[in-house]
Amino acid sequence: MGVIHVHTDYSHDGRDSLEGLRDWALGHGISWIGLTDHAEDLTPERFDEFAGRCRALSDARVSLIAGLEFRFAGYTGLHLLALGLSRWIEPRTPADFIRDARGAARFTVVAHPILADYRVPGEVLAGIDAIEVWNAAYNTRFLPDPRAIRLLRDARVRRPELVGVVGLDQHDSANDRETRILVAAEERDPLAALAAGRYVNLGRGMRFDPSLSLGPARLGALSVARWSFDRLERVQHHVVRALRRHRAR
């Protein structure tokens, strides 16, 4: 069992050291972590150090897989993940990322498409390996994102090999939002299993396959539940803000 979209203190907003994350994984039954620190926080030399430390801390019990998260000027909210990154890349555009990652990364993901309002360039959908259909930070730990699922389904019409994944988007292991990716015990290479679609996405009270084969009724029920949950969250947010204003008087 593993997790992806995890940040360390190599990111400006990450709190966990690589050693701390390894200990966290051992305590939670996690055998591999797909790390995705912010590319803009690293240099080529810093990335080489990061990747080397990942290799040094990995063993038969826990594998720390080096990767980066990229963002691009002019593409608001579009973040792309490169997992299993063997060398430094510095793409300036999403098209550059698809080209450069092809020879350097082993698994690539459109992260939290909600931030980009689900607008993903065609060249990305034509070359990416996966879409994050459940980001535990932006979609909460309770439910996946129905619109991200629909984005995946539409893209799979042309590219049926495209898969959906769950991501923690974790910056602090003290706040574990509990999404996981389950690969078979005999799989020795989790990224190969992800690329081939040999895994199961797990979340609180929900599990689904990489192709998101939910029937219309189940997807419709998920959409209603997601809408209701988001509405409740907004109400709670407004109540909390009102209470803070009241106390400040």
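**Strand pairing, helix packing and loop geometry**

Strands E11 and E12, the latter comprising residues 206-208, pair in the antiparallel sense over three bridges. In this predicted model, the two strands form a hairpin with two residues between them, and glycine 205, which lies in the turn, adopts a positive phi of about 75°. Within the pairing of these strands, glycine 203 stands opposite methionine 206 of E12. E11, which spans residues 200-203, also runs antiparallel to strand E10 (residues 180-182), to which three bridges join it. In this second pairing, arginine 180 is placed opposite leucine 202 of E11.

The chain as a whole contains seven helices and 12 strands. Of its 249 residues, 51% count as buried. Among the contacts in the chain with a separation of 6 or more, 64% are accounted for by residues 24 or more positions apart.

An open sheet of six strands is present, with the order E3-E5-E6-E7-E8-E9 and mixed pairing. Its edges are formed by strand E3 (37-38) and strand E9 (163-167), each of which pairs on one side only. Within this sheet, strand E5 (residues 67-71) and strand E6 (residues 79-83) run antiparallel and are joined by five bridges, with glutamate 69 standing opposite leucine 81 of E6. Helix H3, made up of residues 94-104, packs on the sheet, where it touches E5, E6 and strand E7 (107-111). The direction of H3 makes about 10° with that of E6. In a regular strand, the side chains alternate between the two faces of the sheet.

Helix packing was examined for helix H1 (residues 18-27) and helix H2 (residues 44-57), whose axes come within 10 Å and cross at roughly 35°. The crossing in which H1 passes H2 is right-handed. On the side of H1, the contact is made by Leu18, Glu19 and Arg22, while H2 contributes Phe50, Arg53, Cys54 and Leu57. By class, the contact of H1 with H2 comprises four nonpolar and three charged residues, with no polar residue.

The buried residues of H1 are Leu18, Leu21, Arg22, Trp24 and Ala25. Because these residues cover an arc of only 160° around the axis, they lie on the same side of H1. This arrangement can be set beside the helical repeat: an α-helix has 3.6 residues a turn, so residues three or four places apart point the same way. The face of H1 turned away from its buried side carries Asp23 and Gly27, both of which are exposed. The elements that cover the buried residues of H1 include H2 and E10, together with strand E1 (2-6), strand E2 (32-35) and strand E4 (63-65).

Most residues other than glycine have a negative phi. Against this background, aspartate 169 has a positive phi, near 50°, and is found in the loop between E9 and E10. Aspartate 169 has a relative accessible area of 5% and is therefore buried, the cut-off for this class being under 20%. Glutamate 178 also has a positive phi, near 75°, and lies in the loop between E9 and E10. With a relative accessibility of 30%, however, glutamate 178 counts as partly exposed.

Arginine 153 has a relative accessibility of 27% and so counts as partly exposed. When its neighbours within four places in sequence are left aside, arginine 153 is in contact with Leu212, Ser213, Leu214, Gly215 and Leu219. The C-alpha atoms of arginine 153 and leucine 212 are 7.8 Å apart in space, although the two residues are 59 residues apart in sequence.

Technical notes: Residues are numbered from 1 along each chain as its sequence is written. This is a predicted model: local features need pLDDT of at least 70, side-chain atom pairs count only at pLDDT 80 or more; totals for chains, interfaces and linings use all residues. Side-chain values use heavy atoms; hydrogens and water are left out. Two strands pair if DSSP finds at least two bridges between them. Helices (H or I, at least four residues) and strands (E, at least two) are DSSP runs, numbered from the N terminus. Axes are lines fitted to C-alpha atoms, for helices over the stretch in contact, and angles run from 0 to 180 degrees between N-to-C directions. A crossing is left-handed if the near helix is turned anticlockwise from the far one by less than a right angle, and right-handed if clockwise. Contact means heavy atoms within 4.5 Å. Ala, Val, Leu, Ile, Met, Phe, Trp, Tyr, Cys and Pro count as nonpolar, Asp, Glu, Lys and Arg as charged, and the others, Gly among them, as polar. Buried means under 20% relative accessible area, exposed over 50%, partly exposed in between (1.4 Å probe, protein chains only). The arc is that of the directions from the helix axis to the C-beta atoms.
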